[in-house]
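Subject: Structure handover

Hello,

My notes on what was found follow below it.

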Amino acid sequence: MKLFVFSFVCACLQVSHQNSTSQWTMKPHVLVVVLDGSSDQQSLRCLEQPEELLRRDIKDEDISWRKDRKEEAQRGNTYLLELEESFAGGKYTCHSKDGSLLNHTEVLIQDDKTNSRRILVKPEQGDYLDCSAQNYNGEFQCSWTSHHLRPIEVAFIKARRLSDNDDDDIQCSVDESGQRWTCSSGQSNFGCSVDDSRNRIVCRDQQHCPYAEESQQIHLTVYVKTKHFLVENYSKYLYLSEIVKPDKVTISKVNTTTIEWSYPSSWSSPYSYFPLTFQILQCKRRCKRCNKRCDKRCTDSEATKTSTVQSTCQFEVKRAKAVCIRAKDALCNSQWSDWSFFSLRSHKKNKDQKKTNLTVER
């Protein structure tokens, strides 16, 4: 991490070293100032070395500052950020006497004293980051919920596999779009992208082997910021085997008493190496319309019988009007898939329909 910070520090407005533990460089021209109560001020420098002022023939008093394009009263190579409140964040620029841009940076404020008022919404059950994987190819997605009155954007992403050496350096960078990140270390190589909804990211461990035992956890950290330049970080430790959640199965009918289904097309293969367990609910009532209400029948109390089978994809139905099926990894205590609903037509109804058709034809 020290090497990562050092590689970017020269691209930003220089910060006084008197409080080096209270700030860190997130990426080029983006500085995070941590409010930890240790200081009421933080200083920025326009030009790194005083000699540079002489070389450019610039007097100290000729340097002006702007915050969010508005002229500031302070002048000189050094600018003091007032940290008593969380309003010091913004886009700072310094200019020469003729108005030419000399340097710029975006200051984000991370207030460790306001952890009780988080930017993201934590559900009643679960964590701030909700993560899942469709299979074992190394790809997973994490989503979150933000307050509708506090729009946010992803400011930084870090992802790596934990190793025995906790000091293992990790370097993360973002492309020109600001939506695609890469993080590499001695143990792993991750790629992450921000979804168009801005409330979800998709990551992939480029070095993951689906057939090997997963011995090292993934450590994911997402930094989000508000339009007021406040930033917070949210972390998640996970194994893919803990968050894997198969897609919904596809159900079909073989005859009047037997149904069958297929493994999700996105599930890892061969299925003999990645087996699934299936849970079948037999319901008393039939769903007349294929809408969201049908899926809710799979979670209510209308089921007459619940069965669990492994590997096999056929099942004999007895006196049921509809069935629901879901799947999970047979070898790990991971998440169940969402329910798949299938409405069954009774044999009697088919006979009545045939009689009606015969009468019409005559």
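Two cysteine sulfur atoms within 2.5 Å of each other are taken as a disulfide. Cys172 and Cys183 meet that rule, as their sulfur atoms are 2.2 Å apart. Please keep in mind throughout that this is a predicted model.

Disulfides

The count by this rule is four disulfides. I describe some of them here, beginning with the pair just named.

Cys172 has a relative accessible area of 4% and is buried. Cys183 counts as buried too, at 3% relative accessibility.

Cys192 is joined to Cys203 by a disulfide with an S to S distance of 2.2 Å. The link of Cys192 and Cys203 is right-handed, with 115 degrees about the S-S bond. Cys192 belongs to strand S17 (residues 189-194) and Cys203 to strand S18, so the pair ties together parts that are 11 residues apart in sequence. At 5% relative accessibility, Cys192 is counted as buried, and Cys203 is buried at 1%.

Cys46 and Cys94 form another disulfide, with S to S 2.0 Å. The link of Cys46 and Cys94 is right-handed, at 75 degrees about the S-S bond. This pair links distant parts of the chain, 48 residues apart: Cys46 is in the loop between strand S4 (41-45) and helix H2 (50-55), and Cys94 is in strand S8 (residues 90-95). Cys46 counts as buried at 1% relative accessibility, and Cys94 counts as buried at 0%.

One further cysteine, Cys209, counts as partly exposed, at 40% relative accessibility.

Salt bridges

How many salt bridges does the structure hold? There are eight salt bridges in the structure, and I pick out some of them.

Arg161 and Asp205 form a salt bridge, with their closest N and O atoms 2.9 Å apart. Asp205 is in strand S18 (residues 200-205) and Arg161 in strand S14, so the pair links distant parts of the chain, 44 residues apart. Both Asp205 and Arg161 are buried.

The side chain of Arg161 also meets that of Glu214 in a salt bridge (2.9 Å, N to O). Glu214 lies in the loop between S18 and S19, while Arg161 lies in strand S14, so this pair ties together parts 53 residues apart in sequence. Glu214 is buried, as is Arg161. Through shared partners, these salt bridges join Arg161, Asp205 and Glu214 into one network.

Elsewhere, a salt bridge brings together the side chains of Arg118 and Glu232, at 3.9 Å from N to O. Arg118 is in the loop between strand S9 (101-111) and strand S10 (120-121), and Glu232 is in strand S20, so the pair ties together parts that are 114 residues apart in sequence. Arg118 counts as buried at 18% relative accessibility. Glu232 counts as buried at 10% relative accessibility.

Strand S19 (residues 218-226) pairs with S20 in the antiparallel sense over eight bridges. Within that region, Tyr223 stands opposite Asn233 in S20.

Another open sheet has three strands in the order S21-S22-S25, again with antiparallel pairing. Strand S21 (250-253) and strand S25 (314-316) stand at its edges with a single partner strand each, so one side of each has no neighbour in the sheet. The twist from one strand to the next averages 25 degrees. Strand S22 (residues 258-262) and S25 are paired in the antiparallel sense over three bridges. Glu260 stands opposite Gln314 in S25.

Regards

Note on methods
Residues numbered from 1 in each chain as written. Predicted model: local features only at pLDDT ≥ 70, side-chain atom pairs only at ≥ 80, totals over all residues. Heavy atoms only, no water. Pairing = 2+ DSSP bridges. Helix = DSSP H or I, 4+ residues; strand = E, 2+ residues; numbered from the N terminus. Axes fitted to C-alpha atoms, helices over the stretch in contact; angles between N-to-C directions. Salt bridge = Lys/Arg side-chain N within 4 Å of Asp/Glu carboxyl O. Buried < 20%, exposed > 50% of the residue type's maximum accessible area, 1.4 Å probe, protein only.
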